[in-house]
Amino acid sequence: MTMNLEALIAQLSEPDAARRADAKAQLDAAGPQAAPSLVAALRQERSAHSYDVALILQRMGSPAVGPLIAGVTGARTKAARQWCAFTLRTVLGGGNRSGSLDEDLIGALAHRAPQVRTAAVLAMEHRRTFSRAIFSALVELLADTHPDVRAAVTKVFVHLGERAVPPLQHIRSNGPGRLRPGALRVLAEVAGERGLPPRDRTAVERLLRVKLRAEAGGTPEGLAIRGHWLAVPADQAAVLDALDLVQARAATMRLGYAAARHDAVRWTPPGSKWAARVFVTARLDGWTLAVGPWFGRWGAWHWYPDACRELSTAFGAAHAYFYGGSKRESAWLICEDGQVRRWFDPEDDTARVGARLPIERANRSVDALTVAAAMSTPPNGPHNAREGHGVLTLVRSSADLDPPTGALPL
C-alpha cells in the first residue's frame, strides 16, 4: 500500500487534470493510513504538489495532527518545517467544522516544541469561536518563554480585539502572578493605555517620571530612529503650535522614538484608522525635533517639501529628514528663509536640488544621520544642551480617531 500511496502522491504533479483529480479522490478515500506518506511528501520542500497535499491533510482533520506534529519537530530544513507547521495550523483551525479537533488543539498548545505551540496558537485565528478550555490554554501561554510563541499569542489577542480586554484586565488585577507581565504586554497591544487598569496606569506614570529625571542628564544610549523627522531652531511650544499638534504628554526619548518606529511599521486591520502620533523632543543644542508624521497638518507625506519651505519662512530654517536604515534609504531637505538650499533623495530623480552640502563634499558616502549631525543636531545624540523634556502628541486633524496601541519601552 505504501508504494501505491507514493505513486498517487506523485500523480498529483501530472499535467493531466483528470489524473490529478483521481489521485486526490483516492488519497481522500485512503483516510488516516495516508497521513504519514502525505506528511513525508510535505517534507520534500521542492515538491510541486505540496499545496494539494496540504489540502488533503486539512480535509482529513484530526488523524493528520499527530503525523504533522512529527513532521514539524523532525523536519531537517526550515522550508520543510514551515510547510508542516502551515498545514498543522490549517488543520487545527478547522475546529469550527468538527469539535473533535478541540482536544488536538489543546494538546498542541501545551506541546514541548515551540514551533508546534506557535502553529497551534495561530490556528485560533481561523476559528470564529472556541471553548473555554481552549481559551484557558491560550492564556497560559502569556508566560511562554519562547518569543515566537509570545508573538503569536499577542497576534491572536489583537485579532480578538475588545473581547480580549476583560479577561486580560482580570489577570492584571487578580493574577496568577506568572501571567501578569504577559497580560500587561498584550493589553497594551490590544487596547493601548485605555485598556490598562487604574493601578497599572498609575504605576506607568510613576515610572515615567523617574525615567524623565534620569534622562535629564543626557541622551540615552542605544537610541534608534527610523522614518521621518523635522528639525527647526525653535522652542518646543512654537513647534507644537506650528505643526498643529495637540494632547501633548510627557515622554522620554526612548518612548517617543519607539512610538514613531512602531507606528511606521504597524499592521493596520482593513478599515481601521489611527490617530497620527508625533514625538516632539526637548530643545537639543538649539534645535527641536518632531519625529513621525510631522507634516500631518499639510496632509500626506508627499506634502513635506511645501511644509518645510513654509516652516523655514517662519523660523529661518527647517530641515526634513528620512532614514530607513541605510544610505540608500536616506533623504534630506534643507530649507532656509522659504527657499530650498538642498534636497536629496536617492530614490527620486526630481529630488536632486541645490549644491551638495559641505558634509556631502567632504564624505563619499553619507546618510541622513550624518547630514543631520552636521546641519542641525544628531537625533540619536550626543547633545550638549537640553531644555525641558519631550512630549508625545497627536496631529489635531486625526485626534478624534482611535488612539494608537502597542507596548512601548519607557
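Q: A disulfide is a pair of cysteine sulfur atoms within 2.5 Å. How many disulfides does a search of the whole structure find?

A: The search of the whole structure turns up 0 disulfides. This is a predicted model, where local features need pLDDT of at least 70 and side-chain atom pairs pLDDT 80 or more, while totals for chains, interfaces and linings use all residues. Residues are numbered from 1 along each chain as its sequence is written, and side-chain values use heavy atoms, with hydrogens and water left out.

Q: Is C308 buried or exposed? And C335?

A: C308 is buried, with a relative accessible area of 0%. C335 is buried as well, and its value is also 0%. Buried means under 20% relative accessible area, exposed over 50%, partly exposed in between, using a 1.4 Å probe and protein chains only.

Q: Switching to strands. In which sense do β7 and β8 pair?

A: Antiparallel, over 5 bridges, with β8 covering residues 339-344. Strands here are DSSP runs of E, at least two residues, and helices are runs of H or I, at least four, numbered from the N terminus. Two strands pair if DSSP finds at least two bridges between them.

Q: Which residue of β8 is the bridge partner of I334?

A: I334 is bridged to R342.

Q: And what do β7 and β8 form?

A: They form a hairpin, with 2 residues between the strands. In that turn, D337 has a positive phi of about 50 degrees.

Q: What about the pairing of β8 with β9?

A: Strand β9, residues 352-353, pairs with β8 in the antiparallel sense over 2 bridges. R352 of β9 stands opposite F344.

Q: New topic, rings. How many aromatic pairs does the structure hold?

A: There are 9 aromatic pairs. Rings of Phe, Tyr and Trp (its six-membered ring) pair if their centres lie within 6.5 Å; planes under 30 degrees apart are stacked, over 60 edge-to-face, the rest tilted. One of the pairs is W83 with F86, edge-to-face at 6.0 Å centre to centre with 85 degrees between the planes.

Q: Where do W83 and F86 lie?

A: Both are in helix α6, residues 78-92, and they are 3 residues apart, about one turn of the helix. W83 is partly exposed at 25% relative accessibility, and F86 is partly exposed at 32%.

Q: What about Y304 and W343?

A: Their ring centres are 6.4 Å apart and the planes sit at 85 degrees, so this pair is edge-to-face. Y304 lies in helix α16 (residues 304-315) and W343 in strand β8, so the pair ties together parts that are 39 residues apart in sequence.

Q: Y304: buried or exposed? W343 too, please.

A: Y304 is buried, at a relative accessible area of 10%. W343 counts as buried with 16% relative accessibility.

Q: Last one. Which residues do ring pairs link into a cluster?

A: F130, F135 and F157 are linked into a cluster by ring pairs.
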